[in-house]
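Subject: Structure handover

Hello,

Here is the structure for your own work. My notes on it follow below.

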Amino acid sequence: MIALPDAPARAIERLEAAGYESWVVGGCVRDSLRGAQPHDWDLCTAARPDEMRAVFAGERLLETGVQHGTLTLLTADGPLEITTFRADGAYADGRHPDGVRFVGSIEDDLARRDLTVGAMAWHPQRGLCDPYGGLDDLQEGVLRAVGDPDARFREDALRILRTVRFVSQLGFAVEPATAAAMRRQVARLDCVAAERVCTELTGTLCGRFARRALLGLADVLGYVLPELAPMIGCDQRNRHHRYTVWEHSVRAVEQVPAEPALRWAALLHDCGKPACKTIDEQGVGHFYGHPKAGRAIADELLRRLRFSGADRDRILLLVEQHDRPLGDTAQLVRRRLSAIGEARFRDLLALKKGDAVGQGTHPEAIAALQAIEQQLNDVLAAQACFSLRQLAVDGDDLTALGLSGPAVGEMLRALLDATIDGQVDNTRTALLALVRARMEGTI
């Protein structure tokens with residue numbers, strides 16, 4: 001049923017030749033059974049760490065988690081994590097076992113895992129070990145906790161967000177008892193490091209079935225992202241929007257490329273709307289100033305989740321400028337390029353397309369954005385000047401004419417503006433003539 005690559009197959013052979021029962025286990029089994037290529041292969045064995053060292057004497061071994069019975073064998077095909085059959089002790093911190101004890105069977109080891117679809121093991125001769133019905137759940141597209149779901153989530157609260165991520169990546173449904181336990185135990189996520197929360201949420205946003213996870217488990221996500229909770233159920237009461245703020249944002253998420261910064265920007269772009277909502281005399285909703293308010297909310301959220309400065313700046317620019325026109329003429333496109341550069345211009349185009357589709361009311365907006373994209377490509381193909389570095393003169397040229405200090409930068413900026421506006425050609429002769437004329441006060 002599963003064809004093992006050479007490295008894990010040889011590792012199992014060596015361990016079993018030395019008398020230690022061994023299996024491939026966990027996510028690699030799950031992914032193989034559903035026809036996906038595993039990212040890596042993990043082994044589980046009756047061998048203790050010192051016995052693994054003896055079996056693989058002369059090989060490169062890393063003691064990545066030896067206190068929990070895990071060694072990593074470095075092979076030509078990549079690293080193999082090999083872990084002794086174990087049972088976990090109590091989880092006093094709600095994330096990590098206080099200790100482990102080694103056990104004698106693969107069945108006992110599988111009992112400590114979170115979801116049935118990840119609690120399966122495979123052996124080249126013995127076949128599938130599936131004590132919790134993981135294969136049936138895999139075939140039916142169900143995520144079910146192993147044993148008592150409350151106990152699984154009390155042990156490690158991050159499993160709640162892992163389950164949300166699996167919904168997004170696999171498109172599976174969470175079994176009702178498991179979903180109820182996720183909601184009962186969600187407050188335990190308070191003890192999870194922000195970086196780990198961010199990793200799981202990013203994986204959720206970038207999944208193929210992100211909309212299913214974000215809509216179906218919105219209350220769970222609203223707990224870990226309290227800044228966004230007001231978006232859930234917020235009726236826009238506006239003919240330009242068919243959906244609530246949360247539903248609209250989720251639909252925008254699925255329309256932008258599955259690149260983390262873009263997906264976060266799509267989720268956050270309208271987060272300022274609930275705080276800015278007003279209703280006019282005709283009962284129509286308005287959200288004046290929501291991009292600026294959204295930037296402040298997003299900034300707080302991104303800092304709390306420990307985003308890098310570069311990613312935070314990129315996302316915040318998109319949130320703040322998502323409603324600002326990009327320009328529908330070559331001149332206006334060059335001005336926006338001058339202000340934000342090509343990369344952010346393309347980011348905004350992607351976000352605006354997602355935003356337009358997410359509204360569900362104005363399909364013609366996509367054609368307008370495609371026309372702007374063509375203007376952008378034409379400007380770039382023509383190598384039209386839109387940045388200081390493209391000017392045919394530089395600061396040294398202006399210094400040679402007698403300018404100094406801030407006046408140099410001001411003059412360069414004026415030259416760029418004149419070039420973009422079509423007042424002067426971007427040639428050294430024409431630009432220097434304009435500088436002299438400005439210095440002499442003749443224009």
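**Loop residues with positive phi**

Q383 is placed in the loop that runs between α18 (364-381) and α19 (395-400). The model is a predicted one, and that applies to everything below. Phi of Q383 is near 55°, a positive value in a residue other than glycine. Q383 is exposed, at a relative accessible area of 68%.

R237 is a further non-glycine residue with a positive phi, of about 50°. Its place is the loop between α11 (218-224) and α12 (245-255). R237 counts as partly exposed, because its relative accessibility is 43% and the partly exposed class covers what lies between the 20% limit for buried and the 50% limit for exposed.

How many of the nine residues of α13 are buried? Eight of them are, so the helix is largely enclosed by the rest of the structure. The buried residues are A261, L262, R263, W264, A265, A266, L267 and L268. The elements that cover them include α9, α10 (210-216), α12, α15, α16 and α17.

For α9, the geometry of the packing is as follows. The axes of α9 (residues 194-205) and α13 (residues 260-268) come within 9 Å and cross at roughly 85°. Angles of 65 to 115 degrees count as roughly perpendicular, and α9 and α13 are therefore roughly perpendicular to each other. On the α9 side the contact involves L201, T202 and L205; on the α13 side it involves P260, R263, W264 and L267. By class, the contact of α9 with α13 has five nonpolar residues, one polar and one charged.

For α17, the residue to look at is L351, which lies in that helix. L351 is buried, with a relative accessible area of 2%. In sequence L351 and A266 are 85 residues apart, while their C-alpha atoms are 6.3 Å apart in space. Apart from neighbours within four places in sequence, L351 is in contact with V256, A265, A266, H269, L318 and H322. Two of these names, A265 and A266, are also in the list of buried residues of α13.

**Aromatic rings and charges**

A pair of aromatic rings is described by the distance of the centres and the angle of the planes. The count here comes to one aromatic pair. The pair is W264 with F307: the ring centres are 5.3 Å apart and the planes are at 85°, so the arrangement is edge-to-face. W264 belongs to helix α13 and F307 to the loop between α15 (290-304) and α16 (309-321), so the pair ties together parts that are 43 residues apart in sequence. Both W264 and F307 are buried. W264 also takes part in the contact of α13 with α9.

Two arginines sit over rings:

- R165: the charged end is over the ring of F166, 4.9 Å from its centre.
- R251: this residue lies over the face of Y243, at 4.0 Å from the ring centre.

**Three further buried residues**

F287 is in the loop between β13 (285-286) and α15. F287 is buried, at a relative accessible area of 10%. K273 is 14 residues from F287 in sequence, and the C-alpha to C-alpha distance between F287 and K273 is 5.6 Å. Neighbours within four places in sequence left aside, F287 is in contact with Q236, K273, C276 and K277.

S338 is in helix α17 (residues 330-359). S338 has a relative accessible area of 18%, and it counts as buried because the limit for that class is under 20%. Not counting residues up to four places away in sequence, S338 touches F386, R413, L416 and I420.

L431 is part of helix α21 (residues 428-440). What is the relative accessible area of L431? The value is 0%, and L431 is buried. L431 and L391 are 40 residues apart in sequence and 8.6 Å apart in space, C-alpha to C-alpha. Beyond its neighbours within four places in sequence, L431 is in contact with L391, A392, V393, L415, T419, V424, D425 and N426.

Regards

Technical notes: Residues are numbered from 1 along each chain as its sequence is written. This is a predicted model: local features need pLDDT of at least 70, side-chain atom pairs count only at pLDDT 80 or more; totals for chains, interfaces and linings use all residues. Side-chain values use heavy atoms; hydrogens and water are left out. Axes are lines fitted to C-alpha atoms, for helices over the stretch in contact, and angles run from 0 to 180 degrees between N-to-C directions. Helices (H or I, at least four residues) and strands (E, at least two) are DSSP runs, numbered from the N terminus. Angles under 35 degrees count as roughly parallel, over 145 as roughly antiparallel, 65 to 115 as roughly perpendicular and the rest as oblique. Contact means heavy atoms within 4.5 Å. Ala, Val, Leu, Ile, Met, Phe, Trp, Tyr, Cys and Pro count as nonpolar, Asp, Glu, Lys and Arg as charged, and the others, Gly among them, as polar. Rings of Phe, Tyr and Trp (its six-membered ring) pair if their centres lie within 6.5 Å; planes under 30 degrees apart count as stacked, over 60 as edge-to-face and the rest as tilted. Buried means under 20% relative accessible area, exposed over 50%, partly exposed in between (1.4 Å probe, protein chains only). A charge sits over a ring if NZ of Lys or CZ of Arg is within 6 Å of the ring centre and within 35 degrees of the ring normal.
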